[in-house]
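Open the structure in your viewer and show it as a cartoon. The stops below say what to select next and what is there.

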Amino acid sequence: MRLGSWLTALGIALGSALCVSARAQEQAIEAPLLAEEEQGDEAAEIRDTPPNILVVDFDWVIRQSDAAQSIQSQLDAERQVLQERFAEREAELRAMEQELEAIGDEVSNDEQLARRREFEQLVADTQREAQARRSILDQAFRDAMDQVRSASVLAIADIADSANAEIVLHINQVVIYSRDRNISEQTLAALNEQLPDVQVDIPVQE
């Protein structure tokens, strides 16, 4: 037996028909012209005041952040240790396999079968251990990156508040925008200041 490899309606309710009765229409016609002009001015004022919108490349901010890079460095180091540990285990299992193949008729069939079962159990245990450790590392990575994302959102909120922005959009949601609307670099600088690194919580392997 050989060791196996281990490593995402618009229901726009605009059809709520503005049913105006004949009497209501008559009342609207009888209303003073001044009232109509005032309402028109208010509507024009609303239309002429666009929302203050900012854009941010959230994914870029996360990737470039000092915290995310510190997380990646810690995980890379842990994976290297893990890889070396299981490379040694794999070498031992290969040696056992070669020994089983070389035994031939030196031992009884029952003993060959017992050794083969022992070998297969060791292979299965090693595979389960490797998979479990990988799952632990993956979960540790997700937990650490959640801290970076949360801090990024807070940094974006602070910048938006300072700029009196009403909306912040991910850059992928925007086709055309003015460069001065892009707060990605500001967000990155703020994030690096607020969260320069994150300590990855990796349980010690027993």
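A residue counts as buried when its relative accessible area is under 20%. By that cut-off, 24% of the 206 residues of the protein are buried. The model is a predicted one.

Start with the whole chain. The protein has 6 helices and 2 strands, and along the sequence they follow the pattern α-α-β-α-α-α-β-α.

Next, select residues 66-103, helix H4, together with residues 109-162, helix H5. The two helices pack at an angle of about 175°, and their axes are 11 Å apart. Angles over 145 degrees count as roughly antiparallel, so H4 is roughly antiparallel to H5. Colour the residues of the contact between H4 and H5 by type: 19 are nonpolar, 3 polar and 10 charged.

Now select Ile-71, Val-148, Leu-195, Val-198 and Val-200. Within the largest nonpolar core, which has 28 residues, these touch the most other members. Strand S1 (53-56), helix H3 (58-64), H4 and H5 each give two or more residues to this core. The largest share, 10 residues, comes from H5.

Centre the view on Ile-71. Which residues is Ile-71 in contact with, leaving aside its neighbours within four places in sequence? They are Phe-141, Ala-144, Met-145, Val-148, Val-198 and Val-200.

For the last stop, select Leu-93, Leu-100, Val-107 and Phe-119. These are among the 6 residues of another core, which lies apart from the largest one.

How values were computed: Residues are numbered from 1 along each chain as its sequence is written. This is a predicted model: local features need pLDDT of at least 70, side-chain atom pairs count only at pLDDT 80 or more; totals for chains, interfaces and linings use all residues. Side-chain values use heavy atoms; hydrogens and water are left out. Axes are lines fitted to C-alpha atoms, for helices over the stretch in contact, and angles run from 0 to 180 degrees between N-to-C directions. Helices (H or I, at least four residues) and strands (E, at least two) are DSSP runs, numbered from the N terminus. Angles under 35 degrees count as roughly parallel, over 145 as roughly antiparallel, 65 to 115 as roughly perpendicular and the rest as oblique. Ala, Val, Leu, Ile, Met, Phe, Trp, Tyr, Cys and Pro count as nonpolar, Asp, Glu, Lys and Arg as charged, and the others, Gly among them, as polar. A nonpolar core is a set of buried Ala, Val, Leu, Ile, Met, Phe, Trp, Tyr and Cys residues joined through side-chain atoms within 4.5 Å. Buried means under 20% relative accessible area, exposed over 50%, partly exposed in between (1.4 Å probe, protein chains only). Contact means heavy atoms within 4.5 Å.
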